[in-house]
Every structure is written in C-alpha cells, then in structure tokens.
Amino acid sequence: MTISQKTKVHVLVISLLVQIALSKVETSSSHYDVNWSTIQSMVRITNRLGDGKQLKLHCKSSDDDLGLHVLAPNSFWSFKFTPKVFYGSTLFFCQFTWLPGQFKWFDIYDDDRDGVRRGIPCIYCFWDITKEGPCRFNEKDHAFNML
C-alpha cells in the first residue's frame, strides 16, 4: 500500500469516527445540527464595555474579511460560517477598539480551541466584550467566562 493510499484510509477512518461521535452527541436543544458535513457555527459578539462606550470591531479569517462594525452599548453583531472539519483549521480573529485609545486583538473562533477536535464544538459561540477582555458563554455553568 502506497503512502497516498494509507493517507486516504486514515482520512476515511477519522471521518467515520467523527461522524459516529457527533451522531451520539446528546443536546438539550433541538437547535444543534450535529451532521458533521453540514455543521455551521455562529459567533455573536456583544458590546459590554459599559459607560455608554461604542465598540468598533473588525474580524477576519485567512479567507474572509468581515469588515468594520460599530456596536452601540449592549448591542451585538453576529456571523455564520462552516468550519473546516477535516482539513486546515478555521480561525477568525478580531480587533476591538474603543475610546480613549483602547484596542485588543483576539481569536474569536479557533478550531483548536472551539472546534470538533475539542469534543463538543462551539456551534453557538456567544461573546461579551468587556474592558478586561472577551468572555465566552459557558453552557456548563451558564455564565460568561474569560478564557
């Protein structure tokens, strides 16, 4: 068996294992789509800076520039995408800025942290942006936690 044939067999076996694992995931909500080939994730970013401050954000991946967005206090913006399950790695990073002269860069979605490879994927990734940094909603304790 050539290396190319062995690689194809490995990819097929991994694909089947992931499909089996995802088919067994139990959720408390019918909103989750656990079909590995059509899984779509959504990232929602909410301005929680306080003090009436606007939040400017600019998110990108290696393939997509999602543009500049301005969020009023307590408002949100979201985007959807299909993660790269078996090849490459999906990464969306954002720059956050607010007055007076504050800015932060953050990986808002990273397959290595949020994807299928970590067990239960982050299908609905809810983020609050605070002065201290981004906080993601954790379904286990129903709270926003800093990573």
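Q: What share of the 147 residues in the chain do buried residues make up?
A: In this predicted model, buried residues make up 31% of the 147 residues in the chain, where buried means under 20% relative accessible area, exposed means over 50%, and partly exposed lies in between, with a 1.4 Å probe and protein chains only. Residues are numbered from 1 along each chain as its sequence is written, and side-chain values use heavy atoms, with hydrogens and water left out. Because the model is predicted, local features need pLDDT of at least 70 and side-chain atom pairs count only at pLDDT 80 or more, while totals for chains, interfaces and linings use all residues.

Q: What makes Leu91 count as partly exposed?
A: Leu91 has 32% relative accessibility, and therefore counts as partly exposed. The place of Leu91 is in strand E5, strands being DSSP runs (E, at least two residues), as helices are (H or I, at least four residues), numbered from the N terminus. Setting aside residues up to four places away in sequence, Leu91 touches Lys60, Ser61, Ser62, Asp107, Tyr109 and Asp110, a contact being heavy atoms within 4.5 Å.

Q: Why is Cys135 called buried?
A: Cys135 is at 10% relative accessibility, so Cys135 counts as buried.

Q: What makes Cys122 and Cys125 a disulfide?
A: The sulfur atoms of Cys122 and Cys125 are 1.9 Å apart, and the cut-off is 2.5 Å, so this pair too is a disulfide. Both Cys122 and Cys125 are buried. By this rule the count comes to 2 disulfides, and when the bonded cysteines are numbered in sequence order, the pairing is 1-2, 3-4.

Q: What makes the largest nonpolar core a core, and which residues have the most contacts inside it?
A: A nonpolar core is a set of buried Ala, Val, Leu, Ile, Met, Phe, Trp, Tyr and Cys residues joined through side-chain atoms within 4.5 Å. The largest nonpolar core has 21 residues, and those with the most contacts inside it are Val43, Ile45, Leu55, Leu57, Phe96 and Ile108. Strands E1 (41-47), E2 (55-60), E4 (76-81), E5 (91-98), E6 (102-110) and E7 (124-130) each supply at least two residues of this core, and the largest share, 4 residues, comes from E5. Leaving aside neighbours within four places in sequence, Phe96 is in contact with residues including Ile45, Leu55, Leu57, Ile108 and Ile129.

Q: How do you know that E2 and E5 pair?
A: Two strands pair if DSSP finds at least two bridges between them, and 5 bridges join E2 to E5, so these strands, which run antiparallel, count as paired. Across this pairing, Leu57 stands opposite Phe96 in E5.
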